[in-house]
Amino acid sequence: MKYSGIGGQAVLEGIMMKNGDQYATAVRKPDGTIAVEKDTYVSMTEKVKFFSLPFVRGVFSFADSMILGMKTLTWSASFFEDDEQEEEPGKFEKFLIDHFGEKAESALMSLVMVFSVFMAIAIFMVLPLLIAGVFRRFITSDTIMAILEGFIRIGIFVAYIKIISRMEDIKRTFMYHGSEHKCINCLEHGLELNVANVRKSSKEHKRCGTSFLLIVMVISILFFMVVRVDTIWLRIVSRIILIPVIAGISYEVLRLAGRSNSKIMDLVSRPGMWMQGLTTTEPDDSMIEVAIVAVEQVFDWKKYLEENFPETYPKGYFKKAEGNAAC
């Protein structure tokens with residue numbers, strides 16, 4: 001496997017692919033055509049040097065992915081809104097329009113992200129602690145309690161994914177998620193980017209966000225085995241305060257695993273790739289086509305293959321192939 005530097009995420013009926021500061025979102029519209037939006041996004045780690053430091057960049061990279069993800073998800077959803085009858089905006093929408101004007105949509109997106117982060121902390125960090133606390137009267141070992149809390153956290157995450165995967169839109173999003181991974185795996189394993197090659201590539205990838213979340217959960221177990229406080233309120237505060245630290249370390253582990261072919265990193269990546277079985281599903285060919293369109297908007301895959309797999313694709317290989325095809 002050769003690192004390509006491209007990444008992305010699934011959106012509603014489509015894929016967003018990012019390479020450097022460029023990103024492109026491709027969406028399969030209701031009429032069957034593919035709509036594409038291409039733009040640039042400069043990450044916080046590029047804007048502020050301190051944010052790019054190891055163990056610091058993870059938190060801001062995660063924030064970047066949330067901001068860009070929300071933006072591209074909103075754009076993809078716009079193709080599926082029912083515009084036959086425009087409804088009157090509600091009181092909350094009117095409040096945002098009155099106070100923020102044209103920036104009302106951005107303000108709403110910011111509120112949604114803040115609420116999402118708050119709920120994620122409550123469900124995946126605080127709730128496991130409270131559930132584990134029920135067993136504290138029977139278990140005196142802080143180490144065992146930390147392990148129990150970690151397994152409860154993983155159990156809640158798995159249950160959450162299982163529940164939302166029953167929704168039809170989420171099922172299809174997981175299929176597009178699979179097509180995103182398969183496209184990247186296709187290229188990073190030295191195959192030409194076409195539907196046939198993408199279809200036979202793996203739907204699991206080391207750099208996936210699902211793997212990141214699992215690494216966060218595992219590292220949190222190690223942290224909370226060491227950090228010991230007496231009262232429940234201090235335990236809750238410690239879980240919240242340590243989130244940036246845990247996220248920063250987890251990002252470095254994921255980053256190293258995504259760039260390495262070592263057996264140790266393969267072993268470290270394996271549990272996260274197993275977990276991806278919950279969030280990726282085999283796509284159909286029409287979904288693969290959308291993913292390929294998104295990749296080609298931001299990534300010169302022919303140049304990449306010639307530079308990284310010269311034994312298979314010597315310099316000028318694709319130009320020669322195109323010339324022969326024209327003849």
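These legends accompany several close-up views of the structure above. It is a predicted model, in which local features need pLDDT of at least 70, side-chain atom pairs count only at pLDDT 80 or more, and totals for chains, interfaces and linings use all residues. Residues are numbered from 1 along each chain as its sequence is written, and side-chain values use heavy atoms, with hydrogens and water left out.

**View 1. Tyr304 meets Phe309 edge-to-face.** Rings of Phe, Tyr and Trp (its six-membered ring) pair if their centres lie within 6.5 Å; planes under 30 degrees apart count as stacked, over 60 as edge-to-face and the rest as tilted. By this rule there are 12 aromatic pairs. Here the ring centres are 6.3 Å apart and the planes meet at 70°, so Tyr304 and Phe309 form an edge-to-face pair. Tyr304 is buried at 6% relative accessibility (buried means under 20% relative accessible area, exposed over 50%, partly exposed in between, with a 1.4 Å probe and protein chains only). Phe309 is buried too, at 11%.

**View 2. Trp301, Tyr313, Tyr317 and Phe318 form a cluster.** Ring pairs are what link these residues.

**View 3. Arginines lie over aromatic faces.** A charge sits over a ring if NZ of Lys or CZ of Arg is within 6 Å of the ring centre and within 35 degrees of the ring normal. Arg239 lies over Phe224, 4.0 Å from the ring centre; for Arg259 over Tyr3, the distance is 4.2 Å.

View 4. A disulfide is a pair of cysteine sulfur atoms within 2.5 Å, and the whole structure has 0 of them.
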